Amino acid sequence: MPSLHKEIHFESDIVAHLTANGWLEGDASKYNRELALYTDDVIGWIQDTQPKAWDKLKATHSGATEMTLLARLTQVLDKDGSLAVLRRGFKDVSSGNIEMCQFKPAQLINPEVLDRYSKVRCRVVRQVRYSLSNENSIDLVFFINGIPVATAELKTDFTQTIDDAKNQYRYDRSPKDPASKREEPLLAFKRRALVHFAASTDEVWMATELRGKDTFFLPFNLGNEGGAGNPANPFGYRTSYWWERTLDRGAWLNIIGRFVHLAREEKRNAEGKKQIKEKLIFPRFHQWEGVTKLLAAAKQEKAGHKYLIQHSAGSGKTNSIAWLAHQLSNLHDDTDSKIFSSVIVITDRTVLDQQLQDAIFQFEHKQGVVCRVTNEGVKSAQLAQALKDNVPIIIVTIQTFPFVLEAIQRETSLKDRTYAIIADEAHSSQTGAAAKNLKKVLTAAQIEEGEELSSEDLLIAEMSARPQPNSLSYFAFTATPKSKTLELFGRVPDASLPASDTNLPEAFHVYSMRQAIEEGFILDVLLNYTPYKLAFKLAHNGKDYDSDTVDQSDAMISLMQWVRLHPYNISQKVQVIVEHFKAHVAWRLNGQAKAMVVTSSRKEAVRYKQAIDKYIKSQGYQSLGTLVAFSGEVVDGESGPGEFTEANMNPGLKGRDLREAFDTDEFQILLVANKYQTGFDQPKLVSMYVDKKLAGVAAVQTLSRLNRTMPGKDQTFVIDFVNDPEEIKAAFQPYFETAELADVSDPNLIHDLQSKLDASRIYTAEEVEGLVAAYFKGRQGDMQAKVAPAVDRYRVQFSVVV
C-alpha cells in the first residue's frame, strides 16, 4: 500500500462517512458543467415532492419539460443566487412557485412538511470537472437537491499543507477562466457554491468569495487548548469534526437554512454615488457550535436558566447574537410548545437591529419580527405593547431594559409568559432609569468619576435587586467576565456538587482571546507593552529611573526624544506622548493612525487636554487634532473658571458625535476619563498612553481598545506611566486560557532530522510500531491517530526552543 499516505484515501474516508450517514454519492459524469447543476437531483426532487407542479410543466412543455425547467432554474440562480432559491424557490409561468428545498420546521406537527424534509437530497460528488474551458477538477462538491452549495479542496499533511489547499483556490480555481474569460457559475460569488473549504488532515479554512490571489480565508477550526488549530484526535483525523459534525445531514441543512445569509452594506464611492456591497456570511466553527449548544440546552432546560458565553473580541458576536436571537424566537420543545414568548436583546450596537431584520427577512421572508425600543419618551408604553403582542425579538438599550422587567412584573397578562434575555457587551452613562439599581453596586469614586455602565453591571444589579422569576432565561455575552458574572451566570463542571475551589463556575462556551489572536482576528496588545521605567532605562544605557535622582537638566536637553523625558508632571508626560506618537505612530496606516490617552480622573483629563493642545501649538505641529471624552461637568479652578464639559472642550465637534468625528482625519489623539475604555471599536487606534492605575478586567478591557485589526495594522504600542507590567500580564492571563504565549503550536513546522528527533524523545518505539500497524491496516485515519502524539511533542519542544 505505497499510496496510503495520499489525499485520495483522505477523500475516500470523508465520503464513506457521509454516505453511511444520510448522504448520497454522485457520479461526476452526471454533473452538468454548463448549468452547474446535478440535474438528476433537480428533476427527482421536484417529481418526488411537487407532482402537481411537475404535471403542469409536462402539460405546458410536452417533450421539453426538463430542458425548459432547468433553463428557468439556471436563469433565477444566476440572478438571485442559490441561497435565495433554496429558501424561497422560483416561479415558472406554467407551474407557479416551485420549492427547491424543505428545511426542518420549528414545529413538527405537519406530516407533509416532514415528509418533504426527509426527501431532501444531500449529495457529495468526487473529482468534479466543472469548466467548459478546461479539465480542472475539484476534490469534493456538495449539493442540495442538485444545487451545489459548497466545494472542498483536500490535502493530507503527509504530503502537503493547508496553505497548498488555499493556494489552489487562489491560483487555480478562478471564478472566471483566465483563457476564455468565461465565468464559471459553480465558483461565481453566490450563484452556486456558497462556501469553499480548504481542508487538510490538520486544519479547515473557508472562503465565501473567490477573488484570485486576494481570496480571504477564515479559520473553521475547533481551537486547541485555548489557541488556534485542532487537537489531536485519538480515533483518527484532527479535522474529522468537519464532516462528522458540520456536514452531518441535519446540521448541514440547518446551517444553510438558518445561519448563512447575504449581508448588504451601503457605501458611497469617491464620486459620492451609493454602492451596495454584498458579502456572504457563513458561521465560523465557534459561532455555529456556540449557538447550537445554547439552543440544545435551552430546549432541554426550558426557561429560567442562565448561560455565560465568553467570546473574545474578534469572535463575530454581532452575528452570533443575531443567529441566537432568531432561533430562540422560534424554539419549540418536544411537545411543539414555544419555549419563549419573546427574545429581548440588550445592546448598543446600532447595526444589530437592521442586521437582524435583513437576515430574518432572508430566513422567513416576512416583516415585523424585530422591534427596537429606544425612545425615552414612549418606551414604557411601546415596550408593554411589544411584550403583549409577543413580538418575537425586542431590541432595547441599557437604559430601556429596566422598563422590560417592570412591565413583566406589573402587567398581569405577561406574568405567565417566558422570555429569553440576551445581553450584549453594551455600555452607557450613569444617567437614566438604569442608574438607580446600578449605582447600588458602584463605589462612590466610580459614581463621582462617571464611569460607564455595562450590560454586565446591569444584570448583576438587577439580579441583586429583585428575585428572579423562573420565566426568564439569561444569555450573557462578554469577552472578559467579572468574578461576580461568573458566579451568577457560570456553570459548575459537576452540577451535583455546590460551587467550590475544586468546582468553580465556568462559561457555557468559550472562544478565547488567545485563539482570536492566533487566528488573526485581533492583535496582541501586550507584544509592544512598555512601562515607562523600562523605556527610560533603555534610553539611558541601563540607568534605572528614579524620580529622586534623575538629572532634570539632562532630561530637558533631550526634550525631542520621548524616552528621555522624565514624567515629572502632566506637561512633561504630554511631551512624551506627542513625540512618541509623531515618531512611531502617526505615519502608520497611511497617516490615519490614532492614539488614546487614558487618564485617571475627569479633572486630570481636563488638564491633559489643555496641556497637550498647548504643547502642540508651541511646537507648531500641524494636522494633529485632539478630543477629550468624559461625562458630566468638571469644576477645576486651576484649569480655569466655570464648568468644563465635553461640548465646550471639543469645539471642533461642531455638533457631531464624538466617535464619528474621531474617525475622520481631523483628529488623531483621544483623551479619556472613564469613557470609551470599554465597548469602543476604532480599528485605527494604534497606540495608547496609560496614566491610570488599572487592574483585573479593567486592564484587559482598556488595553483591548487597541486590538481591532484593519489592513496595514500589524502592531500596537502601549506606554504605561504607572502600572506594573507583571500585574498587567496577570490580568490578561485568565482570558488567554494559557499562562504562557510561548507554547503556541505551528502546524506548518518542518520536521527536524531523525537523529535530532530521537534525541529529543519526540516519539516512542510503541508509537512507531503502532503507525506501521495502522499503515498495513489500510486506513489513513488510524495513521493520523498514531502519529498525533509525536506531532504534539514536537510542536511543544520546538516552541520552547524558539
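Reply: Leaving aside neighbours within four places in sequence, Leu18 is in contact with Trp23, Val124, Phe142, Trp243 and Leu247, where contact means heavy atoms within 4.5 Å. This is a predicted model, in which local features need pLDDT of at least 70, side-chain atom pairs count only at pLDDT 80 or more, and totals for chains, interfaces and linings use all residues. Residues are numbered from 1 along each chain as its sequence is written, and side-chain values use heavy atoms, with hydrogens and water left out.

Leu18 belongs to helix α1; helices (H or I, at least four residues) and strands (E, at least two) are DSSP runs, numbered from the N terminus. Helix α1, residues 7–19, lies across β1, β6, β7, β8 and β9, and runs at about 160° to β6. Such angles, from 0 to 180 degrees, are taken between N-to-C directions, with axes fitted to C-alpha atoms, for helices over the stretch in contact. Helix α9, residues 249–258, also packs on the sheet, where it touches β6, β7, β8 and β9, and its direction makes about 80° with that of β7.

The sheet is open and has seven strands in the order β1-β6-β7-β8-β9-β10-β11, with mixed pairing; two strands pair if DSSP finds at least two bridges between them. Its edge strands, β1 (24–25) and β11 (218–219), each pair on one side only. Strands β10 and β11 run antiparallel and are joined by two bridges; Trp205 has Pro219 in β11 as its bridge partner.
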